[in-house]
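Me: I'm new to this one and would like to go through it piece by piece. Can you take my questions as they come?

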Amino acid sequence: MLLGLDLGTSSLRAAVVDDRGRILGLGQREYPIISQQPTWAEQDTEEWWLAAREATAAALRAASVSPSDIRAIGLSGQMHGTVLVGHDLQPLAPAVIWADGRSATEADAVNRALGPGRLAEISGNRVSTGFMAATLAWMHTHQPDLLDAARYALLPKDYLRLRMTGVPASEPSDAAATLLFDNSARAWSAPLAEAAGVDRVLLPDIMASTAVAGELTAEAASALGLRAGTPVVAGAGDQAAQAVGNGVLLPDTASSTIGTGGQLLQPLSAFRPDPDLRVHCFCHALPDTWFLMAATLSAGLSLRWWRDLLGVSGAGAYDILSREAAAAGPGAGGLLFLPYLLGERTPYMDPEARGSFVGLSLEHGRGHLARAIMEGVAFSLRDGLEILRGLTAAPTVLVASGGAAKSPLWVQIQTDVFGFPITTVEGEERAVVGAAMLAGISSGLYADFDQAREACVRQGPIVEPDSSRTSLYEELYHQYRSLYPALKDQFGALADIRRSPLMPN
């Protein structure tokens, strides 16, 4: 048996996985995002550890296995975030996560210092708020004492592994998303660190995603209910891990993931970033493999916001929203939604963009708004798909993943908006399964990534686009595309008002 842990933005999932990639037991615990000031997004690392303890215990109970049955542990986690630990390897402050927007000035300064050509050459990405480079640059200006006290700056899942093993480390797929990493050389970058004002001594050693980073300490094993000495694998960022779990390993496949955020991902056999830096280019968990990725920040998070605003709760909350959205019909009664609740990445890279419903009338009910949210997220991902089509050959199959893959309606909306057939992979929680597969490769259960995919990945039926809905969505997409340029100045003006000292907290 293998154990996979996925440290997500909203919750941590733990799964006991067998050698066929089937989840035998799953545990999950949610935790909040803390916003001490406008645009800030932080999380308590102790909440992560408590979630790991509770979710792991639940997974072991559900699978009816003993600690000695777990052969190795793999990790996946939210990307970009920053955890500072001191010389005693204890956290110095809450984790600043990917959704944090405080570092817009610093991100712009690093981008200007290096220029798009040099950024494309080294990283293949533009520095954005919430990325470790921007966060550390902000700390260099605003919290220098905190930075001086730090021994390591760690990504979220790397902090969790440190807590489990006592060993600070990272690996290419997550390090690539710090914007402190040379993604071609797969090593920390001196020019990027210098531009961000980061001392490279803060950055941990890099090892392969399938390497054993350390063994579970006696203290961690006692807390997690596992066997001391169990190997803990380096793991991968959540997007690389879900790609492994979905069998998205070669350029002929791609994935569309709607979790808290949304991503379109397509592997590359060589480092070929977008020269205009409209989409990301990161290292895959596989050696000598990269991927292009388009990202929208508030994908499933937008529907969660709507769920919480309505007060719909319980295990069937999203089923209720899906039924109401289905009843509203395609086009949501002429209502469009911009899912920019946290700003937007692809294609605008604008932290000041904000969410908007356009076309509201007295005829619209909550089902129309739920449908508009689902369609708006798909339109946002379509923005990224158009860019990917211009950079590399179209994949032969697109795999739907994330929480939205559980919704037949949201899968159908994606295929109709994209005009592209979509499949799913049997079994849920593909990032946590991907983490377990990495542990399986490391422990010798699978000889390589191909064998792991053959054992663990089984595709479901193909969902084809409906021509009548595709035609409607094509018109709506063009309307959607016109809204951001029309509202961009207003977004900036409202951001200025929000920062005004006269604005109540």
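This is a predicted model: local features need pLDDT of at least 70, side-chain atom pairs count only at pLDDT 80 or more; totals for chains, interfaces and linings use all residues.

Me: OK. Which residues of strand E5 point one way, and which the other?

Reply: Ala72, Gly74 and Ser76 point one way from E5, while Ile73, Leu75 and Gly77 point the other way. All of them are buried.

Me: Which strands does E5 pair with?

Reply: One is strand E1, residues 2–7, which pairs with E5 in the parallel sense over six bridges. Another is strand E13, residues 236–237, which runs parallel to E5 and is joined to it by two bridges.

Me: Which residues stand opposite each other there?

Reply: Leu7 stands opposite Gly77 in E5. Towards E13, Ser76 stands opposite Ala236.

Me: Different topic. What is the strand order in the open sheet of six strands?

Reply: The order is E16-E17-E15-E14-E20-E21, and the pairing is mixed. The edge strands are E16 (280–283) and E21 (422–423), each of which pairs on one side only.

Me: How do E14 and E20 pair, parallel or antiparallel?

Reply: Parallel, over five bridges between E14 (residues 253–258) and E20 (residues 397–401). Within that pairing, Ser256 has Ala400 in E20 as its bridge partner.

Me: Now helices. Where does Ala326 lie?

Reply: Ala326 lies in helix H11, residues 317–328. Its relative accessible area is 41%, so Ala326 is partly exposed.

Me: What does Ala326 touch?

Reply: Leaving out residues up to four places away in sequence, Ala326 touches Arg371 and Leu409. As for Ala370, it is 44 residues from Ala326 in sequence and 9.1 Å from it in space, C-alpha to C-alpha.

Me: Last one, Ala57. Is that residue buried or partly exposed?

Reply: Ala57 has 26% relative accessibility, so it counts as partly exposed. The residue lies in helix H1, residues 45–63.

Me: How far apart are Ala57 and Leu180?

Reply: They are 123 residues apart in sequence, and 36 Å apart in space from C-alpha to C-alpha.

Terms used:
Residues are numbered from 1 along each chain as its sequence is written. Side-chain values use heavy atoms; hydrogens and water are left out. Buried means under 20% relative accessible area, exposed over 50%, partly exposed in between (1.4 Å probe, protein chains only). Helices (H or I, at least four residues) and strands (E, at least two) are DSSP runs, numbered from the N terminus. Two strands pair if DSSP finds at least two bridges between them. Contact means heavy atoms within 4.5 Å.
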